[in-house]
Amino acid sequence: MDTMPRPTTISPAAWGRVRRSRYMADRALKAVCLLFTALGVFVLGWILLMLLYQGISALRPEVFTNTTPGPMTKGGGIANAIAGSFVLTFLGIVVATPVGVLAGTYLAEYGRGSKLAEVIRFVNDILLAAPSILIGLFVYTLMVQPMGGYSGWAGGVALAIIAVPVIVRTTEDMLRIVPGSLREAGAALGAPMSKVITKITWRAARAGMVTGVLLATARIAGETAPLLFTALNNNFWFRADLMGGVANLPVMIYQYALSPYQNWRELAWAGALVITLTILALSIVARLLFRKETAR
Amino acid sequence: MVALSQKLLVTSMDKPSRRSPSFNSDQIFRLASLGSALLVLIVLAGIIGSMIYGGLPAFREFGLGFITSSVWDVQRDEYGAWVAIVGTLTSALIALVIGVPISLGIAIFLTQLCPPWLKRPIATTIELLAAVPSIIYGMWGLFVFAPLFAKFVQIPLSGLVEGLPIFGTILYARVPSGVGVLTAGIILAIMIIPFIASIARDILDQIPPVMRESAYGIGCTTWEVVRHVLVPQVGVSIIGAVMLGLGRALGETMAVTFVIGNANRLSLSLFDPGSTIASRIANEFNEAIGLQLNALMALGCILFLVTFSVLVLARILVARATVK
C-alpha cells in the first residue's frame with residue numbers, strides 16, 4: 001500500500017493554487033497583449049487627430065497658391081514646397097524604378113542560386129534599413145561638393161537611393177511567386193529569356209511590382225534627412241534647371257516647426273497634414289491594389 | 001516576282017540567323033539587369049567610401065581620442081564623439097526596453113488572440129503607423145508629448161526622487177522642459193513598434209498551426225503555448241527582428257533631433273538633453289566648414305559601422321531561422 005502513489009499527495013487546495021497560477025498567467029498575457037495593441041492604435045489615432053486639428057486650422061486656400069512667406073508676415077503658403085516635393089519625389093522614383101525593377105529581376109530570374117545574387121540580396125536588405133542621413137552624406141560627397149552647391153538633382157538621387165532597395169525587394173518577392181510553369185511554357189515556344197521575362201513574368205507580377213513602386217514613393221515622399229544636405233530648402237520657386245536649393249515639404253516642415261515664428265509654425269502644421277495624408281493615401285491604395293490582384 | 005522573292009530569300013540568307021537581333025537584345029537585357037543589381041553593391045561601397053574619405057582628416061587629427069573625447073568645441077576646433085555615441089546608444093536602448101515588449105504583445109495579440117474580423121483593421125493600422133514620416137513623430141513629440149511628459153512625469157518624479165542616492169541622479173530633471181534622452185527614447189520606441197510588430201507577426205504566422213493546436217489539445221493555456229511552443233520555435237528570429245528595430249533606432253534622425261535637446265553634455269540624468277550622432281549631423285552639417293565637416297563625417301562613419309554590424313547580425317539571425 002505504501003509503495004503505491006497516493007492520489008491525495010496533492011491536496012485539493014494545492015490543485016487550486018496550480019490552476020489559479022496558470023489561469024492568472026494566461027489572463028495576464030491576454031490582458032497585456034490587448035492593452036499594448038490598444039495603445040498602438042490609440043497612439044496612431046492621437047497623432048492623426050492632432051495633425052487634423054492643427055493642420056486644418058492652418059489650412060487656407062492661399063496655402064496652396066502662395067510661396068513661403070518671410071517670418072511674421074501675413075498670408076503666404078507652401079505652394080513652392082508642395083511642387084518641389086512633387087518634383088523631387090518624381091525624380092527619385094523615375095530613377096529608382098528601372099534600376100530597382102531590373103535588379104530585382106536579376107535576383108529572381110538570372111541569379112537564382114548564384115553566390116553573387118546572394119551577396120546582392122544581403123546588401124540590399126542592409127541598404128533597406130540603413131540610416132537615411134548617411135545616404136544624404138554620401139550624395140553630398142558625390143554630387144553637392146563636386147557640383148559646387150545644393151541642387152534638386154542631388155535631392156532626387158538621394159531619394160532614388162532610398163527607393164531602390166524597396167523596389168528591388170518587392171520586385172524579387174513578386175517575381176518569385178510567379179509559377180515556373182509559365183516561364184517554361186514561354187521558353188517552349190522558343191522565346192528568349194528577355195522576352196519570357198518582359199512578356200510573361202513581369203505581366204503576371206505586375207500588380208505586386210506596382211505596389212512596390214507605390215510603397216517606395218510613400219517612403220521617399222516623407223524623407224527629410226537625405227534632403228537636408230542635398231536639396232536643402234528655399235523660400236522661393238525652384239529654378240527651372242533645379243540648381244540651388246529646392247523648396248520641399250519635409251525640410252520646410254523641419255525648419256518652420258522649429259522656428260519661433262507663429263505664421264511659420266502654422267504653415268509647418270499645414271504641410272505636415274498635406275504630406276501625411278498623401279503618404280497614408282498612397283500606402284492604402286498600394287495595399288488595396290495588391291489585395292485586389294492577389295484575391296483574383 | 002520570282003526574282004524579287006529569290007532576292008529577298010538571298011538577303012535573308014545573308015544574315016547569320018533570324019534570331020540574331022533578338023539574341024542581342026536578350027544579352028542587353030541580361031547585362032542591364034546585372035548592371036542594376038551591381039549598382040546596389042556600388043551604392044554600399046560608395047557610402048562606405050565617402051564616409052571614410054570625409055572622416056579621415058578628423059581621425060588623423062584626433063586619432064582614437066576622437067571616439068573617447070567628449071569635447072565638441074567649434075571655437076577651438078576640437079571634436080570628440082563620446083557624447084553623441086553615448087546618446088545614440090542610450091536612446092536606442094530605452095527604445096528597445098519600451099518598444100520590444102509592446103511590439104511582441106501586439107504580434108501575439110494579432111496571431112493568437114485576435115478575433116479574425118478584427119485582425120485586418122488592426123494590422124493595417126499598425127502598419128500605417130510605420131508609414132508616417134519621422135518628422136511627424138518629431139512634431140508630435142515636441143509639441144504634444146514633451147509638454148505633457150514634463151507636467152505629468154518629470155516634475156512630479158523629480159520632486160519624488162530628489163536627494164535619493166541613484167534615482168536622484170538618473171531621474172532628476174534640472175530643467176523640466178520635457179525634452180531629453182528619455183523622451184527621445186520613448187518617441188523612438190513608438191517608431192520601432194510597428195516595424196518590430198509586423199516582422200514578429202510574420203514570423204509567428206509561419207509556425208504550422210498544428211503545433212499550436214496540439215498544445216492547446218493537451219490543455220495548455222495561451223500563455224503556456226506562447227512560452228513553451230512559440231518562443232522555442234522562433235526565438236532566434238524574434239531576436240533578429242528586434243535587432244532590425246535597433247538598427248532603425250540607432251540611425252533615426254529627424255524625430256530625435258526634435259526632442260533630444262541637442263546639447264553636448266554628458267549627464268547621468270535621463271531627463272537631461274543630449275544628442276545622438278544622427279541628430280548632431282542633422283543640426284550642424286549645413287553650417288560646418290573645415291575640420292568640423294570632417295568630424296561630422298567621421299561621426300557618420302562610426303554610425304555606419306555600428307548600424308551595419310547590428311543589421312548584418314540581424315539578417316543572419318532572421319535568415320537562419322527562416323531556412324530551418
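Asp77(B) is found in the loop of chain B that runs between β1 (72–73) and β2 (78–79), where helices (H or I, at least four residues) and strands (E, at least two) are DSSP runs numbered from the N terminus. The phi angle of Asp77(B) is near 60 degrees, a positive value in a residue other than glycine. With a relative accessible area of 34%, Asp77(B) is partly exposed; buried means under 20% relative accessible area, exposed over 50%, and partly exposed in between (1.4 Å probe, protein chains only).

This is a predicted model, in which local features need pLDDT of at least 70 and side-chain atom pairs count only at pLDDT 80 or more, while totals for chains, interfaces and linings use all residues. Residues are numbered from 1 along each chain as its sequence is written, chains are lettered from A and ligands numbered from 1 in the order in which they are written, and side-chain values use heavy atoms, with hydrogens and water left out.

Chain A also holds a residue with a positive phi. Leu232(A), in a residue type other than glycine, has a phi near 50 degrees, and its place is the loop between α9 (225–228) and α10 (249–257) of chain A. Leu232(A) counts as buried, at 18% relative accessibility.

The aromatic rings come next. A pair of aromatic rings is described by the distance of the centres and the angle of the planes. Rings of Phe, Tyr and Trp (its six-membered ring) pair if their centres lie within 6.5 Å, and planes under 30 degrees apart count as stacked, over 60 as edge-to-face and the rest as tilted. Over all chains, the structure holds 19 aromatic pairs. One of these is formed by Tyr256(A) and Trp264(A), a stacked pair with 4.2 Å from centre to centre and 5 degrees between the planes, and both Tyr256(A) and Trp264(A) are buried. The rings of Trp269(A) and Phe143(B) have their centres 5.8 Å apart and their planes at 55 degrees, so this pair is tilted. The pair crosses between chains, from Trp269(A) in helix α11 (residues 262–295) of chain A to Phe143(B) in helix α6 (residues 134–161) of chain B. Trp269(A) is buried, with a relative accessible area of 7%, whereas Phe143(B) is partly exposed, with a relative accessible area of 24%. One aromatic cluster is formed by Phe42(A), Trp46(A), Trp140(B), Phe145(B), Phe149(B) and Phe271(B).

Arg219(A) is found in helix α8 (residues 206–221) of chain A and counts as partly exposed, at 27% relative accessibility. In chain B, Ser50(B) has its place in helix α2 (residues 20–62) and counts as buried at 6% relative accessibility. Leaving aside its neighbours within four places in sequence, Ser50(B) is in contact with Phe138(A), Thr141(A) and Met297(B).

Helix packing in chain A can be followed through α7(A). Helix α6 (residues 180–188) of chain A and helix α7 (residues 193–204) of chain A pack at an angle of about 155 degrees, with their axes 10 Å apart; axes are lines fitted to C-alpha atoms, for helices over the stretch in contact, and angles run from 0 to 180 degrees between N-to-C directions. The helices α6(A) and α7(A) are therefore roughly antiparallel to each other, where angles under 35 degrees count as roughly parallel, over 145 as roughly antiparallel, 65 to 115 as roughly perpendicular and the rest as oblique. In this packing, Leu182(A), Arg183(A), Gly186(A) and Ala187(A) in α6(A) meet Val196(A), Ile200(A), Thr201(A) and Ala204(A) in α7(A). Helices α2(A) and α7(A) pack at an angle of about 105 degrees, with their axes 12 Å apart, and that makes α2(A) roughly perpendicular to α7(A).

Definitions and conventions: Contact = heavy atoms within 4.5 Å.
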